[in-house]
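Here are some notes to read alongside the structure, written for someone new to this kind of model. Please keep the sequence and the 3D view open while you go through them.

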Amino acid sequence: MQFDQLLKDIKAKKFSPVYLLHGPESFYIDQLEQAIEAHALQEHERAFNQTIIYGKEAEHLQIIDAARRFPMMAERQLLLLREAQDMRSLQQLVGYVEKPAPTTVLVISHKHKKLNGNSKLAKAIKSKGVIFEAKPLYDNQVPDWIRNHLKGKGYPIEPAATQLLAEYLGTSLSKITNELDKLLINLPKGATINAQTVEEQVGISKDYNVFELQKALGKRDKVKVFRIVQYFTANPKAGPLPMVLGSLYNYFSKIFQLLELKAQRSSESEILKALGLRSNFFLREYNEATRNYNRAQTIAVFELLHEYDLKSKGVGAVTAVREDGALLQELCWRVMGS
């Protein structure tokens, strides 16, 4: 079931006897668990009808005994099994799940990894209850997620600011929401968020970041590239090499894809869809880069990124492992010389 539909059902008090919330993205699991906790019982019912058990300390008979109890002066009882991935006898709950108590809502929160879908327990839950898999976002999905999250809170955001946050925060939704919440604390309701706002509130430099390094490399702007690399060398947390390499790979992948699409004479709408862009705001930047990098040069950049990824890990090194700043500087000069 999709997250939005499941959340809607929970808020409408359409409960299933068993929920399996599993997968690597804990943000969604936490959100759904909190929603069930908020709507399954009224405040005065929780003292006698809500039980929380942690998987590391639990045995299946304990869970079954708790689930079979009748609610006290309430329509239902709520049983939350948290950190279920640490429960050794989890699979032995299958007997209960096949015949769940109609007055109990059992929530199994299995974080950080999936439960085997072919297991007897997973098949029983699919038959009798609800399974939600919390999948992580892909890199190209993060900007839209940030935009929609802020829109839901009443804050528009400019594309450059969205990209800046996406590059800096990665794909962990817990981290993203935490930083966005902090960003909004000092902003008036409805204020438009731009790159200056991000720099002031989050501490990400609007001039010295991975996003600006990409653009400078795309333009072959040696002066700006040098300044950004120097900033990263002096402030390693602002541009850790693994993050920079990943971002540059994504950037040049779009350049390569755009070159192929142009060769096929694709329309602008087709190009925007293929590159995962909502408007031509960023397309202009990629178009400029294709004037500075042809297909062969872009392939050479991919080879350089692979080479320096290995160097950063000490693979094949004949001398001592070099500092990340020195590796990044050398990489950028070679990229612009490709």
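Predicted model: local features only at pLDDT ≥ 70, side-chain atom pairs only at ≥ 80, totals over all residues.

1. Residues are numbered from 1 along each chain as its sequence is written, and side-chain values use heavy atoms, with hydrogens and water left out.

2. The protein has 17 helices and five strands, where helices (H or I, at least four residues) and strands (E, at least two) are DSSP runs numbered from the N terminus. Its C-alpha atoms fill a box of roughly 75 × 50 × 45 Å along the principal axes.

3. Thr298 belongs to helix 16, which covers residues 295-312, and Thr298 is buried, as its relative accessible area is 0% (buried means under 20%, exposed over 50%, partly exposed in between, with a 1.4 Å probe and protein chains only). Leaving aside neighbours within four places in sequence, Thr298 is in contact (heavy atoms within 4.5 Å) with Phe252, Ile255, Phe256, Leu259 and Tyr293.

4. The axes of helix 16 and helix 17 (residues 324-336) come within 10 Å and cross at roughly 165°, the axes being lines fitted to C-alpha atoms over the stretch in contact, with angles from 0 to 180 degrees between N-to-C directions. Helix 16 is therefore roughly antiparallel to helix 17, a term for angles over 145 degrees. Residues making this contact include Val301 and Leu304 of helix 16 and Leu327 and Glu330 of helix 17.

How values were computed
Parallel < 35°, antiparallel > 145°, perpendicular 65-115°, else oblique.
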